[in-house]
There are 2 protein chains.
Amino acid sequence: GCSSDMGWGDLGVFGNPSKETPNLDQMAAEGMLFPSFYTANPLCSPCNLHAPGHNWGHPGFELLLPELLKKAGYANMIVGKWHLGHQPQFHPLRHGFDTWFGSPNCHFGPYDNKAIPNIPVYRDTEMIGRYYEDIKIDRKSGEANLTQMYLQEALDFISSQQASHQPFFLYWAIDATHAPVYASREFLGTSQRGLYGDAVREIDFSIGKILSHLQNLGISNNTFVFFTSDNGAALISAPEQGGSNGPFLCGKETTFEGGMREPAIAWWPGHIPAGQVSYQLANVMDLFTTCLSLAGLQPPSDRQIDGIDLLPVLLQGKLIDRPIFYYRGNEMMAVRVGLYKAHYWTWSNSWEQFSQGIDFCPGQNVSGVTTHEQEEHSNLPLIFHLGKDPAEKYQISFASAEYQFVLERVSPIVQEHKATLVPGQPQLNVCDKAVMNWAPPGCEKLGRCLKAPPPDPKKCFWPH
Amino acid sequence: GCSSDMGWGDLGVFGNPSKETPNLDQMAAEGMLFPSFYTANPLCSPCNLHAPGHNWGHPGFELLLPELLKKAGYANMIVGKWHLGHQPQFHPLRHGFDTWFGSPNCHFGPYDNKAIPNIPVYRDTEMIGRYYEDIKIDRKSGEANLTQMYLQEALDFISSQQASHQPFFLYWAIDATHAPVYASREFLGTSQRGLYGDAVREIDFSIGKILSHLQNLGISNNTFVFFTSDNGAALISAPEQGGSNGPFLCGKETTFEGGMREPAIAWWPGHIPAGQVSYQLANVMDLFTTCLSLAGLQPPSDRQIDGIDLLPVLLQGKLIDRPIFYYRGNEMMAVRVGLYKAHYWTWSNSWEQFSQGIDFCPGQNVSGVTTHEQEEHSNLPLIFHLGKDPAEKYQISFASAEYQFVLERVSPIVQEHKATLVPGQPQLNVCDKAVMNWAPPGCEKLGRCLKAPPPDPKKCFWPH
């Protein structure tokens, strides 16, 4: 499971004062909690599908987890948000998935403006409708039964795979916690946290249903389950539509801990011992390698793979020494080595955004750290001890022996990383209205095809 | 148990990323967690002894919990910090305690300056030495075995009470988390969080020992245990010597949530169902009333009592509608009603302190809320929804219907509270070096008596 824009601090087990996630908390009590689990990029993006080995080629060169699992006989389903492109060549069924119920992107607007297409919802190869037009999300009340639909799809897929005795991979990518947030009628108004909390509660409820379904079918000890998020809570949407990053600094869009540290729980009864907390530094790319390992497969050998196999961590409680890199686009902003984090660049949000009231660090201001210019510190990175100072408030003095010690440890790791890095080709820099979802496959049957404007490529503005 | 200066966010169960409090987390799993539990005042003060009914008289008029429990046949012990005065008339053995091992105040300095007396440590009526001179705390390494001494005292007292079949009240008031923080050698360097975390780990270890001791003696189902703190983490001492207030605003000294919301766990196997979370708004004064109720006693009827009896909450999961008042000295700064909090006054720290680098809200700045003047908002209190906005960042607009609705609900509660309030006589406004611990009882035997200067009463400055 991967919940879009859910923050580290949204789960009871990670200290949300509302303590409204009994199922996820129970999942942690029965499995392994990762307090230091990271996303690869603080933006909406697929959680765990990529093999973004850092010798990027054209996107078609990238291999996705389901493509490889397919070779080992797995049936693969994606439920929910794809977010790896909506054009035909990017369709999930061309990249290893056998079946899909969901949408190529979040449930953004324009809500009811027919001049720009709303995001379509697909059943496998064809669209079945569009958000706000056919798939209802009441923007006033926040009511939508999408999470229930996604839950039912997951349960049905699991049932059918259990019946056919075929191994399966289910990527359950719900987005009720992504603004505009939504919840089903039975969850509306049930949270202390307002609509955002209603969405969290419904996701928590659904996770409970999925886990108990696995148990009822007798396949829980044969099914590895991992729950996480794609980036930190979007604080620009808080408090009504955004989550919590707990004690961490800033949120989505930034490479501070609030932007990139994620809730993460592994569950596999009979294999992962119950009630464990792992201090392993891990990230979403590890799920690629780990899932391959579970299926008895090796990662592709023709490229550098960033993810590590977490099985020794999960099954034997081992700790693997490895750094975490914090990227924003193609820029390595920071690196974590052990309990230390070194910022080579800092940026909170631009003055232009800030002056418009867009603030990714509301109520937070750490002088020289939450900078409104993207400031370079490559010569003297800003170093923090995340054990003593998880909120990145107390920079270690440049003059201290500790600073010197850390820098000497971190520098060669960064140098080695950069030496083996081949920058990827940015996929999000060129936007063109002509390639929006004007006429997705299946639109004819529904009478939902729209006429695309002529091509007009421009530099993108990405608020999310 | 009451841990001085421990913050809400210091426990794993309240989301500390280090997850280093397995015993307290287990205590919560076996008992009831209170995410909305408050202290009465954001300063070092006794946790739960007072009956500070708001018709204060002279301090002698105040009744303490052990004085009342004594009448029901309880043996009462205080282990650790007293902090209700060090002059003879304030001695805990004059206020209901039968035995004491600890000190009248925190382990402040002057460390080795004999010109001002160090805080003495008492065994019952007499001092057995002074901090830093006889009771060692290594300020460089942070090593001190005090928590182990306090643990042993607690275990011995419990054993002896179990053997004599006499009911008991143990007030275990440890202060290893109060700067200068300390830990025993076996805990030094064991935490991801540095010395502060070592202190937390040792307290957590000790709580585990106490609970298992009760179980081993077969009296756990006959013993009500409550764990909390006296105020929020002292952020001026962070990150080396101060704790975490999780997602909350500011810390000790302030009436924001970080200053007054406390970690709180109730444990009573066989009576309090396991794994409960109570959303009851509660505070330390309730422990007075609740403990009396447990002992079959009524609170004194000759005065207003602010604490409520939590037994229906603990035993039947009920929720009692009641406000929480946030005091700083004699000023009612704020009130919480349900999920709403209204600030009638705001203050973070003075410009004078701030300009000296003293900041009770490091890295946090909420415009118009974290004010450096004590600003009055009695006509239009600043209102926050703590469910959606536990960090007090998003003030509800004065112009909104929600604001009007809340104000109409809160105003009569505040009016009624103020109408029945008789301000107490401030106990901390006059300081006099002459009444320090120059010659505590027992000093003669040890050759530790110091000569007091002539009386010189002055207005106090209280940094803590």
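How many residues of chain A are in contact with chain B, and how many of chain B with chain A? Counting as contact any heavy atoms within 4.5 Å, 37 residues of chain A touch 37 residues of chain B. Before I go on, please keep in mind that this is a predicted model, in which local features need pLDDT of at least 70 and side-chain atom pairs count only at pLDDT 80 or more, while totals for chains, interfaces and linings use all residues. Residues are numbered from 1 along each chain as its sequence is written, chains are lettered from A in the order in which they are written, and side-chain values use heavy atoms, with hydrogens and water left out.

Let me stay with the interface. The area buried between chain A and chain B, meaning the accessible area (1.4 Å probe) that the two lose on being put together, summed over both, is about 2900 Å², and carbon and sulfur atoms give 59% of that. Across this interface the rule finds two salt bridges, each being a side-chain nitrogen of Lys or Arg within 4 Å of a carboxyl oxygen of Asp or Glu. One of them joins the side chains of A:K388 and B:E240, at 3.1 Å from N to O.

Now to a pair of helices in chain B. Helix α3 (residues 146-164) of chain B packs with helix α4 (residues 195-216) of chain B at an angle of about 10 degrees, with their axes 10 Å apart. Because angles under 35 degrees count as roughly parallel, α3(B) and α4(B) are described as roughly parallel to each other. Among the residues making this contact are B:L151 and B:I158 of α3(B), and B:F205 and B:I210 of α4(B).

Definitions and conventions
Axes fitted to C-alpha atoms, helices over the stretch in contact; angles between N-to-C directions. Helix = DSSP H or I, 4+ residues; strand = E, 2+ residues; numbered from the N terminus. Parallel < 35°, antiparallel > 145°, perpendicular 65-115°, else oblique.
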